[in-house]
Amino acid sequence: MARVFQEVVGIDYSLSFVSACNQLKEKGQLPYCALTEGELGTQHMAVVPTDIDRTRCFFRQGDACNLSSDLGSFGCVLAANLICRLPDPFAFFHRLPELVAPGGILVITSPYTWLEEFTPKSRWLGGYKDVSGNEVRGFDTMKRVFSPHFELLAEKNEPIVIRETARKHQWTMAHMTIWRRGTF
């Protein structure tokens with residue numbers, strides 16, 4: 001995002017993620033160990049490409065369900081694989097019209113893996129049947145919740161591969177939606 005926008009603000013609930021981002025910002029690189037099996041691993045170096053202006057990036061810890069009121073608004077908000085890990089995705093959704101500037105873009109990716117260990121079932125956007133027996137889907141709920149403020153521009157499935165060890169990987173298909181905030 002720093003290649004396109006003048007300022008990028010990254011917020012994550014995990015202090016260790018934020019610390020890693022700040023180290024990448026400050027030093028341009030970060031050593032890490034990739035597990036091969038058991039306790040064995042190989043050393044690698046994450047390196048920020050030299051064409052990225054790291055001074056445009058700011059990282060802080062925060063709760064997407066209770067974001068600071070002084071954040072301001074942004075030309076683009078990215079919520080990547082976040083909503084089905086929030087205790088109250090509706091709280092985050094209701095804040096979005098303030099966070100996305102009029103005419104700005106909202107990008108949400110989610111595999112919609114609703115689990116009660118992260119989100120109480122009463123707060124799921126989808127993945128269940130309503131009292132009439134009709135299926136409720138997360139994407140349909142997003143369209144309903146966003147319709148007063150956002151226009152859906154595009155949607156597509158995006159594969160994600162997360163390496164756990166040399167021989168074990170998680171393969172997930174995230175649903176990516178792109179929305180434009182109205183200018184009203």
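Arginine 60 counts as partly exposed in this predicted model, at 35% relative accessibility. The residue sits in strand β4. Its salt-bridge partner is aspartate 70, with the closest N and O atoms 3.8 Å apart. That distance qualifies because the rule asks for a side-chain nitrogen of Lys or Arg within 4 Å of a carboxyl oxygen. Aspartate 70 lies in the loop between β4 and β5 (74–80), 10 residues from arginine 60. At 58% relative accessibility, aspartate 70 counts as exposed. The cut-off for exposed is over 50%, so aspartate 70 falls in that class, whereas arginine 60 is partly exposed at 35%.

By the same rule, the count of salt bridges comes to eight. One of them joins arginine 3 and aspartate 51, whose closest N and O atoms are 2.9 Å apart. This pair links distant parts of the chain. Arginine 3 belongs to the segment before β1 (8–12). Aspartate 51 belongs to the loop between β3 (40–47) and β4 (57–61). The two residues are 48 positions apart in the chain. Arginine 3 is exposed, and aspartate 51 is exposed as well. Another salt bridge pairs lysine 156 with glutamate 158, again with 2.9 Å between the closest N and O atoms. Lysine 156 is partly exposed, at 44% relative accessibility. Glutamate 158 is partly exposed too, at 27%.

The protein carries 20 positive and 20 negative side chains. The centres of these two sets lie 3 Å apart.

The secondary structure comprises three helices and 10 strands. From the N terminus, the order of elements is β-α-β-β-β-β-α-β-β-β-α-β-β. The C-alpha trace spans about 55 × 40 × 25 Å along its principal axes. Of the 184 residues, 30% are buried. The protein exposes about 11500 Å², and carbon and sulfur atoms supply 53% of this area. Among contacts with a separation of 6 or more, 65% are between residues 24 or more positions apart.

Helix α2 (residues 89–99) is mostly covered. Eight of its 11 residues are buried. These are Pro89, Phe90, Phe92, Phe93, Arg95, Leu96, Pro97 and Leu99. The list thus includes a charged residue, Arg95. Threonine 109 is buried, with a relative accessible area of 11%.

Leucine 30 lies in strand β2 (residues 29–37). At 16% relative accessibility, leucine 30 also counts as buried. Residues up to four places away in sequence are again set aside for its contacts. Leucine 30 then touches Ala20, Gln23 and Leu24, as well as His44, Met45 and Ala46. Aspartate 51, the salt-bridge partner of arginine 3, is 21 residues from leucine 30 along the chain. The C-alpha atoms of leucine 30 and aspartate 51 are separated by 17 Å.

How many disulfides does the structure hold? The count is zero. A disulfide is a covalent bond between the sulfur atoms of two cysteines. The cut-off for such a pair is 2.5 Å between sulfur atoms. For cysteine 33, the closest cysteine sulfur is that of cysteine 21, 19 Å away and therefore too far for a bond. Cysteine 33 is partly exposed, with a relative accessible area of 43%. Cysteine 84 is in no disulfide either. Its nearest cysteine sulfur belongs to cysteine 65, at 12 Å. Cysteine 84 is buried, with a relative accessible area of 2%.

Notes:
Residues numbered from 1 in each chain as written. Predicted model: local features only at pLDDT ≥ 70, side-chain atom pairs only at ≥ 80, totals over all residues. Heavy atoms only, no water. Helix = DSSP H or I, 4+ residues; strand = E, 2+ residues; numbered from the N terminus. Buried < 20%, exposed > 50% of the residue type's maximum accessible area, 1.4 Å probe, protein only. Contact = heavy atoms within 4.5 Å. Areas by Shrake-Rupley, 256 points an atom, 1.4 Å probe, with all protein chains shown as cover. Charge placed at Lys NZ, Arg CZ, Asp CG, Glu CD.
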